[in-house]
Amino acid sequence: MQYKHFLIPLTLITFNSFAQVEYKLTIDQGEHHLGNVTVEFPKSAQAHLDIKLPDWRTGRYEVLDLANGIRYFNATDQKGDTLNWRKIDKSTWRVHLDSPTQVKVSYQVYANELGKRARHIDDTHAFVDASGFFMFSESFRQEPVLVDLDVPKPWRSVSGMEYAHDKHSFTAANYDVLVDSPIETGVNELHKFTVDGRNYELVIWGQGNYNVEQMLVDLKKLVNTGSLIWQDYPYDRYVFMVHATSGARGATEHLNSTIIQRHRDSFAKRKDYVGFISTAAHEFIHTWNVKAYRPAGLVPYDYINPNYSDLLWLSEGSTSYLEDYLLLSAGITTAPEFFNNLTETLNAHFATPGREVQPAAQASFDKWINQGGDHGKNYSTSIYREGALISLALDIDLLSKSEGKVSYRDVHKHLYKQFKLPKSFTSADVKYILRQISGRDYSTWWDKHINSPLDIDIQNLLDKVGLVYDYPAEAIPTANLQIDVKHTGQLLTIKHVARNSSAWQAGLTAGDKIVAFNNQHVRDTLPDSLSYFKGGDRVKVDFIRRDELMSTQVILEKGFNLPKRISAIEHPDDAQKKLFKAWTGIDHPSVEQSN
């Protein structure tokens with residue numbers, strides 16, 4: 001793996017520093033999602049060696065219990081004799097040593113969790129994230145690593161790691177680098193390109209309606225935008241891995257690579273493609289924000305126990321915010337697309353009652369346990385969404401009070417400059433940087449919007465840059481219940497009831513099956529079912545709960561058939577146009593219209 005690192009004088013390296021942990025993964029039953037792993041650890045003089053498989057993987061703050069796929073564990077010494085071992089917790093195997101010896105362990109891995117982006121094997125490929133395959137010992141965590149793959153002959157293996165002795169062999173400085181450098185091996189297509197002296201690869205597994213030429217054109221533009229925020233690049237080589245799948249969706253950042261998963265038919269339409277390239281931008285930004293600098297609670301990674309931080313909103317939400325800036329600045333997306341993405345963030349924020357309950361700092365710390373679903377939407381919030389809006393608020397505030405000279409991007413420039421790994425930063429450090437670049441104390445602001453539920457005047461904020469957030473002129477008033485439903489049979493089954501809404505106060509809850517409004521059988525959709533009413537009407541709702549027919553009275557709320565959206569005002573003043581350009585890097589849309 002081509003990283004920039006310090007050279008250590010050879011005279012300071014002891015013999016033990018040349019110890020190497022060697023991994024081998026053999027795949028000959030791909031159709032059954034099975035692989036066989038051997039790990040050879042250097043000589044140890046300890047009474048026992050604790051060997052572990054991570055409980056979670058980097059980039060996903062969720063315990064995954066990855067050890068549940070391990071079978072046939074065995075341990076031998078350097079002579080090949082069996083060593084006694086016992087499992088001391090769900091993820092740790094303790095191997096007992098009677099005398100100093102090298103240790104070799106072997107086991108089978110079941111890898112059929114593509115969507116978790118931790119491990120997957122089938123008859124066409126394997127996605128190898130070390131956290132799901134390769135065990136480690138804290139005693140040798142910092143030793144060099146060699147990985148050999150024994151895979152079907154037609155397969156090609158690609159990783160952010162450096163190749164070792166053949167095309168299916170890789171080397172890494174230590175286990176931390178290995179676990180943050182996944183391998184894609186299998187039947188795939190590979191494209192290579194160079195931008196500004198740095199090498200890039202795009203490897204795609206799976207057939208889909210993607211346009212490789214367009215992807216390459218835009219990825220070249222994207223990777224050239226790092227200098228818009230940071231002073232240099234933390235890598236010499238970067239790999240984009242793409243899975244065109246039948247179901248798995250999502251993405252994960254890694255040290256100098258990313259894995260992006262999308263449904264195979266969700267690339268061709270413009271909206272779908274913007275979704276893909278936005279994800280690529282998000283993960284690309286993570287190369288700095290998280291992989292080059294990250295909050296104190298995440299340094300070093302534990303792998304077994306959760307790493308807690310109250311700054312995940314900055315790690316994830318700020319990344320979501322900055323992705324739109326880079327894409328717009330690079331000319332990959334348009335101003336209307338930029339507005340649409342921001343609109344979606346705002347609409348989702350205001351449709352989440354949990355925004356009034358859970359602050360971004362708490363949502364960050366509780367990311368490991370936060371739930372989705374009806375209760376989650378009512379009492380929790382998203383670090384991505386809230387973090388993006390906090391970043392927006394900070395950005396426009398900094399720009400407006402510095403006449404466009406200081407922006408939120410400067411915060412990340414300073415974080416990279418001052419807190420590169422192995423350093424880490426705290427909330428106090430971020431507030432210090434804000435004071436440093438603006439000359440103002442943000443402690444009160446921080447307490448109001450980050451340590452407390454976010455409370456910003458969106459319209460006042462957007463007005464500074466010549467934008468408005470409102471219902472479109474063609475929107476028509478409608479009746480609203482503030483519930484989410486799905487059509488099941490001839491009923492509307494409630495998925496979510498907004499906390500404190502009229503439906504909530506009437507006693508409706510998730511799981512109820514609505515049969516009729518005012519004795520009229522429901523239509524296929526909720527809007528159609530309510531089209532006979534107007535906001536303020538009192539209606540009878542017949543519904544089924546626990547297989548019993550029940551009724552309640554609800555006063556319908558006032559709404560519109562179209563959501564609010566962000567648009568540019570027609571006649572911004574010079575200050576608004578100047579601030580808009582400082583914010584986005586492009587002219588205000590009104591300038592283009594007048595030319």
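# Notebook: strand S21 and onwards

**Entry 1, S21.** I began with strand S21 (residues 467–470), which pairs with strand S30 (residues 565–568) in the antiparallel sense over four bridges. For the record, this is a predicted model, where local features need pLDDT of at least 70, side-chain atom pairs count only at pLDDT 80 or more, and totals for chains, interfaces and linings use all residues. Residues are numbered from 1 along each chain as its sequence is written, and side-chain values use heavy atoms, with hydrogens and water left out. Helices (H or I, at least four residues) and strands (E, at least two) are DSSP runs, numbered from the N terminus. I take two strands as paired if DSSP finds at least two bridges between them.

Which residue of S30 stands opposite Leu-467? I found Ala-568 there. Then I checked the two faces of S21: Leu-467 and Tyr-469 make up the covered one, while Val-468 and Asp-470 make up the uncovered one.

I stayed with Leu-467, which has its place in strand S21. Its relative accessible area is 0%, so I log Leu-467 as buried. My cut-offs are under 20% relative accessible area for buried, over 50% for exposed and partly exposed in between (1.4 Å probe, protein chains only).

For contacts I use heavy atoms within 4.5 Å. Leaving aside neighbours within four places in sequence, I get a list for Leu-467 that includes Phe-339, Gln-459, Leu-462, Phe-580 and Trp-583. Ile-566, Ser-567, Ala-568 and Ile-569 are among the contacts of Leu-467 too. I also looked at Gln-505, 38 residues from Leu-467 along the chain; their C-alpha atoms are separated by 36 Å.

Next I traced an open sheet of five strands, with the order S8-S9-S10-S15-S12 and antiparallel pairing. Inside the order, strand S10 (residues 125–128) and strand S15 (residues 183–186) pair in the antiparallel sense over four bridges.

I moved on to Ala-130, found in helix H1 (residues 130–133). Buried or exposed? Ala-130 counts as buried, because its relative accessibility is 2%. Not counting residues up to four places away in sequence, Ala-130 touches Leu-53, Tyr-175, Leu-178 and Val-179. I also took a distance to Leu-219: 89 residues from Ala-130 in sequence, and 26 Å in space, C-alpha to C-alpha.

**Entry 5, the mixed sheet.** Another open sheet of five strands runs S16-S17-S18-S20-S19, and here I logged mixed pairing. At the edges stand strand S16 (189–195) and strand S19 (250–253); each has a single partner strand, so one side of each lacks a neighbour in the sheet. From one strand to the next the twist averages 15 degrees. S16 and strand S17 (residues 198–205) pair in the antiparallel sense over seven bridges, and Val-195 has Arg-198 in S17 as its bridge partner.

What lies across strand S18 (237–245), S19 and strand S20 (257–263)? I found helix H4 there, running at about 160 degrees to S20. Axes are lines fitted to C-alpha atoms, for helices over the stretch in contact, and angles run from 0 to 180 degrees between N-to-C directions.

His-282 counts as buried, because its relative accessibility is 8%. I looked for polar contacts (a pair of N or O atoms within 3.5 Å; within protein, one must be able to donate a hydrogen and the other to accept it, and residues adjacent in sequence count only if both atoms are side-chain atoms). The side chain of His-282 makes one with the side chain of Glu-323 at 2.8 Å, and another joins it to the side chain of Ser-320 at 3.4 Å. Not counting residues up to four places away in sequence, His-282 touches Glu-316, Thr-319, Ser-320, Glu-323 and Tyr-384.

Last, I zoomed out: the protein has 17 helices and 30 strands. Buried residues make up 54% of its 595 residues. Its C-alpha trace spans about 85 × 65 × 45 Å along the principal axes.
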